[in-house]
Amino acid sequence: MALTDEKLLEAALYYGLIEASVIDNLRTTARRQRSSVIELVLAHYRLSITIFYRAVAEKNNLPYLEADSFTIEQDLVKQLPVSLLKRKSIVPVTHNSNTMLVVSDPYERVSIDSIQRLIGQPLPLAMTDIKHLNLLIKRQLNRHGALEDTSTKAIDVDLVALLDEIIKEAFLNKASDIHFSTEEHGLRVRLRIDGKLRDYPVDADETVAAGLISRIKVLANLDIAEQRQPQDGGYSHKLAAPISCEFNVRVATAPTRLGERITLRLLGQQTGGITLADLGMLEDDLKRFQQQINKPYGMVLLTGPTGSGKSTTLCAALQEINQSDINIMTVENPIEYVIPGVSQLQTGLKISFADALRSLLRHDPDVLMVGEIRDHETADVSVKAAMTGHLVFSTLHTNNAVSAVTRLIDIGCEPFLIGSTMAAVIAQRLVRRLCDSCKQPRVATADELSQLDCDDQQLQIFEPVGCASCQGTGFKGRLGLFETLWFDESLARLVSQGCSEEALEQAAGENLKFMWQDGCQKVLLGITTLSEVRSVALVKTHQSIEVC
């Protein structure tokens, strides 16, 4: 038996996850609509129910076990009535060589005491993800034939409801991707949350997995009969009330040893506008970036690998300058963010980036955004558009800011055209942001001081701890690390002369700030950790870090 809504809300209020005034309004709405108040709260705050269970565990000083950190204690389970395990969702487990009693409701003292007596020993209580707990108990009982025959289980599964539930949970967890893969035990579902994959418990055998994959392929207008070739597609998904949100889903399939796997990328989930302040740029970089995007012409390039937030940065920049007296037009594939007042064109089989750009140039644009420069034709049209009085934004796949110039030359652009049009190149990566609710300060080690290029032996940096708000990870949300290269006349002249990357880097001076330097500043500000910065940026010591 799961916790009541009131107990969940009480714990969330206790830890400041929700506000009392908002809850009062939502209670009134729930009574009027005859709906669940907890569902309204989850939709309003865009939170997963897991966060509320963690809050209950913390409020009762109980450990919250991660799904892969414990196993069911088989010998003790045999001593307990099946009906009690099933109805109350309580099971003895082994965690780090310790025997514990995992419960779904720590306030259910009668059932807990009954189980303690049957076992013959008092066991410490713990909590875990409620869906994972119920799935574990169901599989345990099925393994011992304690439940009814489930041979017709696949027929009874509502594939439409199952897919909606998974996508809804991904949305509430602010996941960027959903991974469906077929494994020996059946379907495995994982959500990419803040850049890290996390398992989502789902009870689906091979038959259900095949049906769910077929359902997704039908929605994405893919060939359900083709299972040996990769396919790509997409569709628009709408979550029902009370969430009532619609967003695009990009679908990719691939054949594997045990069957097809599918990856969904959820695009444009943000319900509100994205601002430049949300990106994580430090004040100096933010001011210079705002100056560049308000220029009448030139080219601004964002570089980085897939999933590094380039499209989000471009969207924020366009929203910053989006005014009624400016004609902004974009060429994308796919359109990830819908921006009101901006003409957005999606490329396809019949129209390429270069063809779309040529067409848009005849529509009197002031600002052009090209989703990606990937060939000579697109690069040539983009550079010449920037040269003829347009402000052009685009993305490029390079490892750092300086190599963007080399990449454009390799594609086939003339150095003098690049030098005369380039305004800024920004390389970026995403790192996890420390949770403000639980991060703790500590004195930096000698090795960390060396990497931060600081000699303050008492320097304090922050480390993750884990709480209900961040679901035990110690991190909540992500921010960008930026390597910025701002072009002036001298740098433009060097690029026009075909200088090397090393020469451009040495001549840039204060116009170039390395990603490592930006990351160290954010470590010193307590926004992220040094390990997060190390995971995406190359160590560059002896850089001036103003915060230190």
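Buried means under 20% relative accessible area, exposed over 50%, and partly exposed in between (1.4 Å probe, protein chains only). The model is predicted: local features need pLDDT of at least 70, side-chain atom pairs count only at pLDDT 80 or more, and totals for chains, interfaces and linings use all residues. Residues are numbered from 1 along each chain as its sequence is written, and side-chain values use heavy atoms, without hydrogens and water.

**View 1. The tyrosine pair, Tyr-14 and Tyr-15.** Tyr-14 is exposed because its relative accessibility is 57%. Tyr-15, at 33%, is partly exposed. Their ring centres lie 5.0 Å apart with planes at 85°, so the pair is edge-to-face. (Rings of Phe, Tyr and Trp, the last by its six-membered ring, pair with centres within 6.5 Å; planes under 30 degrees apart are stacked, over 60 edge-to-face, the rest tilted.)

**View 2. The stacked pair, Phe-171 and Phe-247.** The centres are 5.7 Å apart, with 0° between the planes. Phe-171 sits in helix H10 (residues 159-172) and Phe-247 in strand S10 (residues 245-256), so the pair ties together parts 76 residues apart in sequence. Helices (H or I, at least four residues) and strands (E, at least two) are DSSP runs, numbered from the N terminus. Both Phe-171 and Phe-247 are buried.

**View 3. Arg-46, in the loop between helix H3 (37-45) and helix H4 (49-59).** Arg-46 is buried but has no salt bridge (side-chain nitrogen of Lys or Arg within 4 Å of a carboxyl oxygen of Asp or Glu). A polar atom of the Arg-46 side chain lies 2.7 Å from the backbone oxygen of Phe-171.

Conventions
Lys and Arg count as positive and Asp and Glu as negative; His and the chain ends are not counted. A polar contact is a pair of N or O atoms within 3.5 Å; within protein, one must be able to donate a hydrogen and the other to accept it, and residues adjacent in sequence count only if both atoms are side-chain atoms.
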